[in-house]
Amino acid sequence: MAQQAPPLPLPLPPPPPPPTKPTFSFPERPPIRVTSEFDSDSSIFFHKISCKFLNTLAKLKFSFQNDTNGDIIQPQVSFISKHLSIHYDVEDQNALLKASLEVGPRLQLRAAHDVKAQQGELSMVANLADPGYALELSSLIPVVAMPRATLKFPLGEVSVEEREDEEVKRTLSINGILKSQILNGVCTAQFRDEDLKLRYSYKDEEMSFIPSISLPSNAFSFAFKRQFGPSDKLSYFYNFDSNFWSAVYKHTYGKDFKFKAGYDSEVRLGWASLWVGDEGGKSKTAPLKMKVQFMLQVPQDDIKASALMLRVKKRWDI
């Protein structure tokens, strides 16, 4: 008996038609960021609401504070972009304008203007041919003196500006900072008029030693830091001119927890604090996007006046 052929498979259903695009669609709402911060020392809430638009090319920000009575104080509105920023103080009814313009690949113009004070500053920055070298000329508006000239180079910068003196009406003032690698550290010389500050910084994986001296006052001080493993660090500072000293011990528990304790002889105060969330980081990287600090301050002369303070910073993305 002949075998029958197997039945042919059923044809697959046709694919669904592609979704039709609406003739008109509303643009997506840009994300809104709300940040609130509370400091128990001042008992003031600080709030900031911001959002980026135009494909993150510009940002609109509104900030204000709440005092102990719940009243809104110091409201400010800001528009911030790469080349233009406007900061408006609602209470003072004043605006601060800042603008920048790229004239060429090596030339930039900057301007700032205080509307209420009718004062501002105009500056020009020219990047020279060699990398790390730049020349900046800046002048106050209205013009009251010669423009300030600043030359920046890889080892520091030097500024020359005109100022008024009581005995001599106008004189030139030279300020600057120079850095140089010496042995295994960095030596820094910062001078302003007749004052000179010399600072040497040595640092390796376990220790930092930073002596400094100011001339002509001969005020000498030094800072010492010692790393005891990846989680423990001790810092010490001593000023030979005033005999004031301070010490800080720090212990970290992972990335989001930090304990610090210290003493400052100038204000005769001992303190200890606990951070939940990265102390120097942003709240968006902290657990629950919230940073909390508990601090206990103990005055040496009046232990009964010890105070426990709280700081909280929370961020919401809407």
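Trainee: In the hairpin of strand 19 and strand 20, which residue takes a positive phi?
Mentor: R268 does, with phi near 50°, and the hairpin has four residues between the strands. Strands are DSSP runs of E, at least two residues long, numbered from the N terminus.

Trainee: Before we go on, what kind of model is this?
Mentor: This is a predicted model, in which local features need pLDDT of at least 70 and side-chain atom pairs count only at pLDDT 80 or more, while totals for chains, interfaces and linings use all residues. Residues are numbered from 1 along each chain as its sequence is written, and side-chain values use heavy atoms, with hydrogens and water left out.

Trainee: New topic. How much space lies in the largest pocket?
Mentor: About 240 Å³. A pocket is an open set of points on a 1 Å grid over the protein atoms alone where a 1.4 Å probe fits, with protein on both sides within 12 Å along at least five of seven lines; lining residues have an atom within 4 Å of a point. The volume is the space filled by probe spheres on points joined across faces, edges and corners.

Trainee: Which residues line the largest pocket?
Mentor: Among them are R33, K48, K59, K61, K282, K284, K313 and R315. Strands 1 (32-39), 2 (44-53), 3 (58-66) and 22 (307-317) each supply at least two lining residues.

Trainee: Where does the largest pocket lie?
Mentor: Domain 1 (29-92) and domain 2 (244-317) both give residues to its lining, so the largest pocket lies between them. The domain bounds come from an automatic or database domain assignment.

Trainee: How do the residues of that lining divide?
Mentor: Into no nonpolar, four polar and eight charged. Ala, Val, Leu, Ile, Met, Phe, Trp, Tyr, Cys and Pro count as nonpolar, Asp, Glu, Lys and Arg as charged, and the others, Gly among them, as polar.

Trainee: What about the second largest pocket, how much space is in that?
Mentor: About 190 Å³. Of the 14 residues lining the second largest pocket, P31, I32, R33, C51 and K52 are the closest to its centre. Strand 2 gives the most to this lining, four residues, and the lining divides into six nonpolar, three polar and five charged.

Trainee: Then is L183 buried or exposed?
Mentor: Exposed, at 76% relative accessibility. Buried means under 20% relative accessible area, exposed over 50%, and partly exposed in between, using a 1.4 Å probe and protein chains only. L183 has a positive phi near 55°, and D193 has one of about 55°. D193 is partly exposed at 36%.

Note on methods: Pairing = 2+ DSSP bridges.
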